[in-house]
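Visitor: Could you walk me through this protein slowly, one place at a time? I have not looked at it before.

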Amino acid sequence: MSTTSKGFASALQAAPATGHARIAGIGGYRPRRVVPNSELVEAINSSDEWIRERSGIIERRFAGEGESVIDMSVMAAEPALEMAGIKGSDIDAILVATISWPYQTPAAAPLIAERFGTDAMAIDLSAACAGYCHGIALANDMVRGGSAENVLVVGVERLSDFTSRDDRGTAFIFGDGAGAAVISRSETPGIGPTIWGSDGEKWDAISQTDSWIDVREKGLDWPHIGMQGQTVFRWAVWGMAPVAQRALDAAGITADQLDAFVPHQANVRIVEAMAKKLNLPDDVAIARDIAYTGNTSAASVPLAMERMVRHGEIPRGGLALQIGFGAGLSYAAQVVVIP
Ligand SMILES: CC(C)(COP(=O)(O)OP(=O)(O)OC[C@H]1O[C@@H](n2cnc3c(N)ncnc32)[C@H](O)[C@@H]1OP(=O)(O)O)[C@@H](O)C(=O)NCCC(=O)NCCS
């Protein structure tokens, strides 16, 4: 073998970069079964009032039969494709943000591709509650970089499978559902620069209680997602508002130019505190989907936006600041044009 190059580097062809990308369609799916606080309080010695006051949650949805991670993803993606005006066969890449697909491997995404009759590139992303906003950033770069034309980004969770009904800190927080967006080429910019990052020092602030190896070796119970509530609360309130502000700055947008603020639906008190720190004017619509959907991790941002678009609460073509943050710890924020 020679260590001298053959000298053909200049012959390499790159995918032609295209102009811009936008969210061309958005959709959501909420499971049929509504679970009010009253159904959960006994096991955790809590009350409907306490849960409403501390988290803003009134009810959430739990998935049942016919509502697998794949089923919910497909049902959320269908209206997103319709809004984007494309068929399943037009999708050439699928990014699925999830932490509750119950297989270590393979990923969920290829099964979703199969349901839509496409052989699209299909992978899963593990960034918990920040996963969808990471997916939007990657899809934006893929479309702009010329490696895909239509990317389906799905945020989907069946967290009821990984939540302990006896855990006082989490039993009332999590819910199930799916949200989806189609990212396509655009004449004008539709997705601003993403501000993203991680804090591995707080890796265990939100985490699966035990590794699969420990579960097997030590005969432990089925693991669930555990959380250091106050650590996460402080990090979200103090750490994430500056990230959201940086996303605004990077997009060249000021708070008064926004039509909507769509943060991860972690806890309504976190949502309110962030909005206050960002000095959002009163006419910026703030997503509060958590009241009826709970915290659906990767699905929460697209579900919240989908509800606001469907109810006509925010103008299509206006600007929304969205931010996802959670386990990792990891976060991603960007300004987007509302589809
Ligand atoms: C989980 C959370 C609501 C708990 O609220 P908190 O104010 O931090 O609660 P604490 O653990 O400090 O407990 C405060 C009191 O409430 C009680 N308590 C805790 N959980 C309770 C529950 N489920 N029901 C009733 N009382 C509860 C505690 O016993 C404690 O009582 P005491 O003051 O008599 O000792 C809050 O920490 C939180 O929202 N954290 C962020 C969670 C989040 O957003 N996660 C998603 C991240 S992606």
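**Around the annotated active site**

Guide: We can begin with Cys129, which touches His264, Asn295, Ser297, Ala298, Gly324, Phe325 and Gly326, where residues up to four places away in sequence are not counted and a contact means heavy atoms within 4.5 Å. This is a predicted model, in which local features need pLDDT of at least 70 and side-chain atom pairs count only at pLDDT 80 or more, while totals for chains, interfaces and linings use all residues. Residues are numbered from 1 along each chain as its sequence is written, and side-chain values use heavy atoms, with hydrogens and water left out.

Visitor: At which residues does UniProt place the feature "active site"?

Guide: The feature comes from an unreviewed UniProt entry, with positions given in the numbering used here, feature names shortened, and annotations that may be inferred rather than shown by experiment. The residues named in that record are Cys129, His264 and Asn295. They span 167 residues in sequence, yet they gather at one spot, because no two of their C-alpha atoms are more than 8.8 Å apart.

Visitor: Is Cys129 buried or exposed?

Guide: Cys129 sits in the loop between strand 5 (121-125) and helix 4 (131-145), where helices (H or I, at least four residues) and strands (E, at least two) are DSSP runs numbered from the N terminus. Buried means under 20% relative accessible area, exposed means over 50%, and partly exposed lies in between, with a 1.4 Å probe and protein chains only. Since the relative accessibility of Cys129 is 11%, this residue counts as buried.

Visitor: Where is Asn295 found, and is Asn295 buried or exposed?

Guide: Asn295 is found in the loop between helix 8 (290-293) and helix 9 (300-310). Its contacts, leaving out residues up to four places away in sequence, include Cys129, His264, Ile57 and Phe174. With a relative accessibility of 5%, Asn295 counts as buried.

Visitor: How many residues does each domain bring to the contact between domain 1 and domain 2?

Guide: The chain is divided into domain 1 (20-186) and domain 2 (195-337), with bounds that come from an automatic or database domain assignment. The contact takes 49 residues from domain 1 and 45 residues from domain 2.

Visitor: Where does the kink in helix 6 lie?

Guide: Helix 6 (residues 229-251) has 23 residues and reaches 32 Å from its first C-alpha to its last, close to the 33 Å expected at 1.5 Å a residue, a span taken as 1.5 Å times one less than the number of residues. The bend at a residue is the angle between axes fitted to the seven residues ending there and the seven starting there. The kink, of about 35°, comes shortly before the proline Pro242 and lies at Met240.

Visitor: What covers the buried residues of helix 6?

Guide: The buried residues of helix 6 include Val232, Trp235, Met240 and Leu248. Among the elements that cover them are strand 8 (195-198), helix 7 (268-277) and strand 13 (319-326).

**Two cis bonds**

Visitor: What is omega for the peptide bond from Gly328 to Leu329?

Guide: Leu329 is placed in the loop between strand 13 and strand 14. The bond from Gly328 to Leu329 is cis, and its omega is near -15°.
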